[in-house]
Amino acid sequence: MVRHRKRIGRRGLLVTTAAAMGAVLVPLAVQAAPADAADAKQSPVRALEQAAHPLRSAEPGRNTADLRALGSMIGDAEVVGLGEATHGSHEFFAMKERVFRYLVEEKGFTTFALELSWSAGLRIDDYLQTGKGDARKIAKETLTHSPWEREEFVSLIEWMRDYNSRHPGRTVHFMGDDLGAPSISEAFFGRVTGYVQQNHPEALPKLNERYTGLRPIDDVFAYLRKPLAERQQLATKAQEALELVSSQKGRGEAFEWAEQNARSIAQTAKFLTMNPDDPDSLPTFQRFRDEVMAQNVTWWQQRTGQKILLSAHNDHVGYAASYPELYPKTQGSFLRDTMGKNYLPIGFTFHQGSFLSKDTALGGDWKKFTVDAAAPGSNEHTLDQVRYRDFCLDLRTAPAAARDWLNTARPTLNIGTQFPVKPRDVALAKDFDVLIHLSEVREADKLKP
């Protein structure tokens, strides 16, 4: 793909369609920028070391004294976006659990939000609040075929349920902030129709008519094979269903949830009106998706008043994506617009190691890939020269020499659902407020039977 070519092409379409399943994808074969000549004259490593705080481990359940510096960087932020430079590395996933535990126990956070469908998130949260079911089975059913179908997320869910059993008066929650793909079950539609049946039974026939032909969506990719005109008509009916629910002017928690669930269905139906024959329209749909994710997080935070750790790919949590041609405005950018300094994005980088990805945009299995040490001239190569193996860094308060380096775009590797990819130019301090650098990562652990 030519870097400045505006037309994305069909391969980009496939990548974007797969992203609707809840995993950001990084397109293939982009040209890495050459090393900045100024870097060769003056290394910023010493300046970076002045601001870096070492991290003892990525593993949860250990002494958290080393996370105090990160806690100070987070300050009073109400929503913290914690990225990942791959969708399939153990250390990124483990560090997220470690950081979330710390934020829950030390800074009053109560919600873990994931780049996962809204409906799947609710099902996981039902388990966390009630204890009914089995964590492993629920993870298998809700995370299946996603990069998060891993032991690391079973560990997170189990810890959250255990925490709730020990703190019944202050429970933690799990939310999915993404569109309702790869499916929207009949049970999820029932969350909307059930409310109307109980509270406004006279409106139920009209609501059922609006959802006819739409409920359930068992398979997004099969749904996308429907004629575009049919999908557009169904999206219109889903929006009418939302308006019907909203018009009931209910009050209280039950109404708010029914309206939000109807909104999720309408948003998903709108996203699925993408036209496979018009790849130039894809940035508009991706912008809409990131806006929806930000709206869902904002709705949750405003309704509950809870502090949220938001987990997603770097290209979602940051203020800008490494591939702006396809992702013109990120979830992080939308959250900054609505929350200001109450939103804080943390990016991840790594120097070398293995991860899980796929070699096809659609279908295929998650499998292990490995990258060698980062090349000279890249952000990761310089970061890895800092004397700490793993560290966190406040990009806003680093010394001037470090800030100059951090504000300059250099090749940086972000890996999503498809590999191989090449680095793209990223100015770290313009995309994130805080950075966590890990020297080496390995592939995430396969979910056990």
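The model is predicted: local features need pLDDT of at least 70, side-chain atom pairs count only at pLDDT 80 or more, and totals for chains, interfaces and linings use all residues. Residues are numbered from 1 along each chain as its sequence is written, and side-chain values use heavy atoms, with hydrogens and water left out. The structure holds 24 salt bridges and 20 aromatic pairs.

**Helix α10**

- Helices (H or I, at least four residues) and strands (E, at least two) are DSSP runs, numbered from the N terminus.
- Leu204, Leu207 and Tyr211 of α10 are buried; buried means under 20% relative accessible area, exposed over 50%, and partly exposed in between (1.4 Å probe, protein chains only).
- These residues are on the same side of α10 because they cover an arc of only 60° around the axis, the arc being that of the directions from the helix axis to the C-beta atoms.
- Pro205 and Lys206, on the other side of α10, are exposed.
- The buried residues of α10 pack against α9, α12 (228-247) and α13, where contact means heavy atoms within 4.5 Å.
- Gly213, which follows α10, has a positive phi near 90°.

**Salt bridges**

- A salt bridge is a side-chain nitrogen of Lys or Arg within 4 Å of a carboxyl oxygen of Asp or Glu.
- Glu209 and Arg210 form a salt bridge at 2.7 Å, N to O.
- Glu209 is partly exposed at a relative accessible area of 40%, and Arg210 is partly exposed at 23%.
- Glu209 also bridges to Lys237, with the closest N and O atoms 3.7 Å apart; this pair links Lys237 in helix α12 to Glu209 in helix α10, 28 residues apart.
- Lys237 is buried, with a relative accessible area of 17%.
- Shared partners join the salt bridges of Glu209, Arg210, Lys237 and Glu240 into one network.
- Elsewhere, Arg98 and Asp66 form a salt bridge with closest N and O atoms 2.7 Å apart.
- Arg98 lies in helix α5 (residues 90-107) and Asp66 in the loop between β1 and α4, 32 residues apart; both Arg98 and Asp66 are buried.

**Aromatic pairs and charges over rings**

- Rings of Phe, Tyr and Trp (its six-membered ring) pair if their centres lie within 6.5 Å; planes under 30 degrees apart count as stacked, over 60 as edge-to-face and the rest as tilted.
- Phe189 and Tyr211 are an edge-to-face pair, 5.0 Å centre to centre with 80° between the planes.
- Phe189 is in helix α9 (residues 186-199) and Tyr211 in helix α10, so the pair ties together parts that are 22 residues apart in sequence; both residues are buried.
- Trp257 and Trp300 have ring centres 5.8 Å apart and planes at 85°, so this pair is edge-to-face.
- Trp257 lies in helix α13 (residues 253-271) and Trp300 in helix α14, 43 residues apart.
- Trp257 is buried at 18% relative accessible area, and Trp300 is buried at 2%.
- One aromatic cluster consists of Phe93, Phe100, Phe112, Phe153, Trp159, Tyr163 and Phe174.
- Lys329 lies over the face of Phe334, 4.9 Å from the ring centre; a charge sits over a ring if NZ of Lys or CZ of Arg is within 6 Å of the ring centre and within 35 degrees of the ring normal.
- The charged end of Arg336 is over the ring of Tyr319, 4.1 Å from its centre.

- Asp290, in helix α14 (residues 282-304), is buried without a salt bridge; the nearest side chain of opposite charge is Arg289, 5.2 Å away.
- For charge, Lys and Arg count as positive and Asp and Glu as negative, while His and the chain ends are not counted.
- Beyond its neighbours within four places in sequence, Asp290 contacts His316, Tyr327, Lys329, Thr330, Gln331 and Phe334.
- Pro60, in the loop between β1 (52-54) and α4 (68-74), contacts Ala94, Glu97, Arg98 and Arg101, leaving aside neighbours within four places in sequence.

**Backbone geometry**

- Most residues other than glycine have a negative phi, and most peptide bonds are trans.
- His145, in the loop between α7 (135-143) and α8 (151-166), has a positive phi of about 70°.
- His145 is exposed, with a relative accessible area of 61%.
- A cis peptide bond with omega about -15° joins Arg215 and Pro216; Pro216 is in the loop between α10 (204-211) and α11 (220-223).
- The bond from Phe419 to Pro420 is also cis, with omega near 15°, and Pro420 lies in the loop between β9 (410-412) and β10 (424-426).
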